[in-house]
Amino acid sequence: MILEELARTHPDGRRDYIYYLAFGNARIKEYTSGLKYCRAFLDIESNDQVRSLEEYIKKEIDKEVAKGMVVAGGAALVLGGILGLGIAMARNKQKREK
């Protein structure tokens with residue numbers, strides 16, 4: 001919050017504060033905020049180091065999305081398995097009662 005305030009109120013150091021905000025957010029895995037600050041920095045000045053940080057953040061976001069898809073896929077598989085087992089047990093019970 002302090003860096004955000006400094007970036008707003010001190011135009012001379014704005015570039016540095018925005019870089020530290022981008023880097024710090026990336027380190028604490030706040031990738032969306034980090035990417036926002038990288039883009040804000042690149043609007044001020046072109047910089048290879050910030051471009052590298054932006055690429056790193058994008059790769060990490062892609063990894064997080066992939067992990068989320070794997071978890072969602074696994075959950076769907078488990079749910080499908082449970083549902084299939086329930087249907088099979090219901091059919092088996094109906095056959096026994098006849």
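Because the model is predicted, local features are given only where pLDDT is at least 70 and side-chain atom pairs only at pLDDT 80 or more, whereas totals for chains, interfaces and linings use all residues. Residues are numbered from 1 along each chain as its sequence is written, and side-chain values use heavy atoms, with hydrogens and water left out.

Helices are DSSP runs of H or I of at least four residues (strands being runs of E of at least two), numbered from the N terminus. Helix α1 spans residues 2–9, and its axis comes within 8 Å of that of α2, which it crosses at roughly 155°; axes here are lines fitted to C-alpha atoms, for helices over the stretch in contact, and angles run from 0 to 180 degrees between N-to-C directions. The two helices, α1 and α2, are therefore roughly antiparallel, a term applied to angles over 145 degrees, while those under 35 count as roughly parallel, 65 to 115 as roughly perpendicular and the rest as oblique. The crossing of α1 past α2 is left-handed, that is, the near helix is turned anticlockwise from the far one by less than a right angle, clockwise being right-handed. On the α1 side the contact (heavy atoms within 4.5 Å) involves Leu3, Glu4, Leu6 and Ala7, which meet Arg14, Tyr17, Ile18, Tyr20 and Leu21 in α2.

Helices α2 and α3 pack at an angle of about 155° with their axes 7 Å apart, which makes α2 roughly antiparallel to α3. Residues of α2 in this contact include Ile18, Ala22 and Asn25, and those of α3 include Gly34, Tyr37 and Ile44. The passage of α2 across α3 is a left-handed crossing.

Beyond residues up to four places away in sequence, asparagine 25 touches Glu30, Tyr31, Ser33, Gly34 and Tyr37.

In the loop between α2 and α3 lies lysine 29, which counts as exposed because its relative accessibility is 58%. Most residues other than glycine have a negative phi; the phi of lysine 29, however, is positive, near 65°.

Helix α3 (residues 31–44) and helix α4 (residues 48–97) have axes that come within 10 Å and cross at roughly 155°, and α3 and α4 are therefore roughly antiparallel to each other. This crossing of α3 past α4 is left-handed, and the residues that meet include Tyr31, Leu35 and Phe41 in α3 and Val50, Ile57 and Glu64 in α4. Isoleucine 44, in helix α3, is partly exposed with a relative accessible area of 39%, and it touches Arg14 and Ile18 when residues up to four places away in sequence are not counted. The C-alpha atoms of isoleucine 44 and glutamine 94, which are 50 residues apart along the chain, are separated by 71 Å.

For residues 69–90, an unreviewed UniProt entry lists a "transmembrane region"; such annotations may be inferred rather than shown by experiment. In the model, residues 69–90 are 100% helix and 0% strand, with the end C-alpha atoms 31 Å apart.

Conventions:
Buried means under 20% relative accessible area, exposed over 50%, partly exposed in between (1.4 Å probe, protein chains only).
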